[in-house]
Structures are given as structure tokens and as C-alpha cells.
Amino acid sequence: MGTFIGHVYPGLFLVSYGLYQAIVVSKAVIISDSLPNPSCLPRNKGRWARLWEISYRGLLKIVTGSILIVYEISCTKGWLTLMDRELPPRFTYPKEWQHLTMFVLLTLNGCVDVISRNLLPQRCVLLEKGTGALTFYVLLLLLLSHAQGSTGVELQTHCLLTLVVFLLMLVLTVQLWAPSAFHLSLMETFLFLMMGSWLVQAGFILYRPVSGYPWQDDDISDIMFITTFFCWHVMINALCLLGIYGVSSFWHRWSNPSLKLTGSTEAPYYMSTQGPVYKLLPEVEQSEKDERALLLSESAP
């Protein structure tokens, strides 16, 4: 990861993931529905129907993590050994091992998503959310250690990235108790976009400056402009979320003019400590019961 590609590829993955989440959250808000976290997966629809139920986000995490693991190992000069043969032995490639740990965490997180959605009898969203939060706890520890020995531009860049990871860790932790809250999902999506776009920006700052000249660690102007660029990323990603919501709203209004753009007054999911973690409220069944009761009252003498 200590290369231009090592920063840009993970950043592009996070940006793509954030854009997908932005579309999902925008659609859920527009149609006054809850986030798509069903607890039960039907098992009697055949092979082709089950193909659409595969956790593509989990598979994407597995594939991306595996590619980054191979890339990190291939970029290491020589063998990626844990300790050298000198006396006393010393640990070798500390940053490379930290990068490798991050990519392994991403791969394992994808494995948990696939297992929960496609292998368990009932989907356990609490397991997925808990694994995601735990992943960012470990990632925060790695980033705090990763910044040691850095100075100037590199230190400022990593500190801002650590700030985003810390905020994302807090949001994912709160989601364990409020998984269907739209504002938390919106904050999660925004922070994923921030983390991805800033990783891409860090690759250009540290390895391929646009000006063609490296940033100066002893120049206070360079340090200040890193923070300025970070603030620009905040505004651009916020405008990106707003634009996705606007386009989604226009599309759904055009495709379904009778669509109501009002929020739901009831929480469409509930939590249980004994049964499944999430269940969809039977709104359609309730409307059918009301119609049946109305017909019975009209037919009564």
C-alpha cells in the first residue's frame, strides 16, 4: 500500500461502495421504505432465483481484498518475512505487514457477509454490523501505529484519514443499537466516500503530485493546504450525496408519479433479543385485513 496504486485502488473501492450505498439509502428514503436488511432468505425459489440473492458486496470485498493481498506481497522486495536472521533477530517490513493485515480484515469481512446472507438459515444482520464495527476498531489501531515515524505532509495526511476512520467506527458502533436509522446510514455512506476519496488524494499527494514537484514537509503552506483539500473533499462528497438523492428523486417521480415523498411514521424493523434480529412489518397484510373488515361490516344485516 506504500505506493500510488496501493492508495488509489483501495480508495476507488471505497468510493464505489459509498456510491452504491448512497443509491440504496436514497431509494429507501424516497419510497418511504426501510433499509434492505431482511432477516430471512427464502430457500425454495430455485437456483436462478437464489443467484440474485448472493451478497455481491461481500463478494466484492473478498475479491478486492484478495487482489490487494497479492499486490502487497508482489510489491515487497524479496520475501515478506516476519523476522530477519541476524542476532538478535529484528522484525522486518512493519508497514507492509500492517497493510497486509488491513487487506485480510477486508477479505474476512466479506466472508462474514457471504456466510450471513447465503449460508445461514436466517440472515444475521447483527453479525454483519458487529464484524464491520470490529474491523474498523482494528483498522484504527493500525492507523495510529502506522503514522509513527511520519512527519510533515505524510503525517498530516494520515491524521486526517485516521479522523475519518474514527468517526466511521463510532457510526458503525451506534448502528448496532439503531440499525434502521436513516441518518446513521447516511453518515456511514458519507464517511465511506470521504475515506475513499481521501485515499485517492493521498496517493497523488505522496507519490504523484499534480505539479510534478514533491510536497515540502518544512513548508507550512503545504501543510495548511492539505487541510484545505480535506475540507474541499467534505463539501464535494456532501454535494455528491445531495446530487444522488436529487437524481433518484427525479427518477422515481418520473417512473411513478403517484409516489409519496414522505417519511414513514413507523419503524419498519424491530429488534428482538430472542428471535431474528430484523423483521419486516406486514404493511400489506394489515391493509388486506382492513379491507376484509370493511366488507364484513357492509354485508352484516
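Me: Which residues of helix 5 meet helix 6, and what makes that a contact?

Reply: From helix 5, Gly132, Ala133, Phe136, Tyr137, Leu139, Leu140, Leu143, Leu144 and His146 meet His158, Leu161, Thr162, Val165, Phe166, Leu168, Met169, Leu172 and Thr173 of helix 6. Contact means heavy atoms within 4.5 Å. By class, this contact has 13 nonpolar, 5 polar and no charged residues. Nonpolar here covers Ala, Val, Leu, Ile, Met, Phe, Trp, Tyr, Cys and Pro; charged covers Asp, Glu, Lys and Arg; the others, Gly among them, are polar. The model is predicted, so local features need pLDDT of at least 70, side-chain atom pairs count only at pLDDT 80 or more, and totals for chains, interfaces and linings use all residues. Residues are numbered from 1 along each chain as its sequence is written, and side-chain values use heavy atoms, with hydrogens and water left out.

Me: Why is helix 5 called roughly antiparallel to helix 6?

Reply: The axes of helix 5 (residues 125-146) and helix 6 (residues 152-174) cross at roughly 160° and come within 9 Å. Angles over 145 degrees count as roughly antiparallel, under 35 as roughly parallel, 65 to 115 as roughly perpendicular and the rest as oblique. Helix 5 is therefore roughly antiparallel to helix 6. The axes are lines fitted to C-alpha atoms, for helices over the stretch in contact, and angles run from 0 to 180 degrees between N-to-C directions. Helix 5 also passes helix 6 in a left-handed crossing, meaning that the near helix is turned anticlockwise from the far one by less than a right angle (clockwise would be right-handed).

Me: Why does Leu140 count as buried?

Reply: Leu140 is placed in helix 5. Buried means under 20% relative accessible area, exposed over 50%, and partly exposed in between (1.4 Å probe, protein chains only). Leu140 has 11% relative accessibility, so it counts as buried. Apart from neighbours within four places in sequence, Leu140 is in contact with Thr162, Val165, Phe166 and Met169.

Me: Is Gln175 buried or exposed, and how do you know?

Reply: Gln175 has 0% relative accessibility, so it counts as buried. Gln175 lies in the loop between helix 6 and helix 7. Not counting residues up to four places away in sequence, Gln175 touches Lys129, Leu184, Ser185 and Glu188.

Me: What makes Tyr93 partly exposed?

Reply: Its relative accessible area is 24%, so Tyr93 is partly exposed. Tyr93 is found in the loop between helix 3 (56-75) and helix 4 (94-119). Tyr93 has a positive phi of about 50° although it is not a glycine. Most residues other than glycine have a negative phi.

Me: How do you know that helix 1 is roughly antiparallel to helix 7?

Reply: Helix 1 (residues 4-30) and helix 7 (residues 182-206) pack at an angle of about 160°, with axes 7 Å apart. That angle makes helix 1 roughly antiparallel to helix 7. Helix 1 passes helix 7 in a left-handed crossing. By class, their contact has 21 nonpolar, 9 polar and no charged residues.

Me: How many helices and strands does the protein chain have, and what counts as one?

Reply: The protein chain has 9 helices and 0 strands. Helices (H or I, at least four residues) and strands (E, at least two) are DSSP runs, numbered from the N terminus. Of the 301 residues of the protein chain, 40% count as buried.
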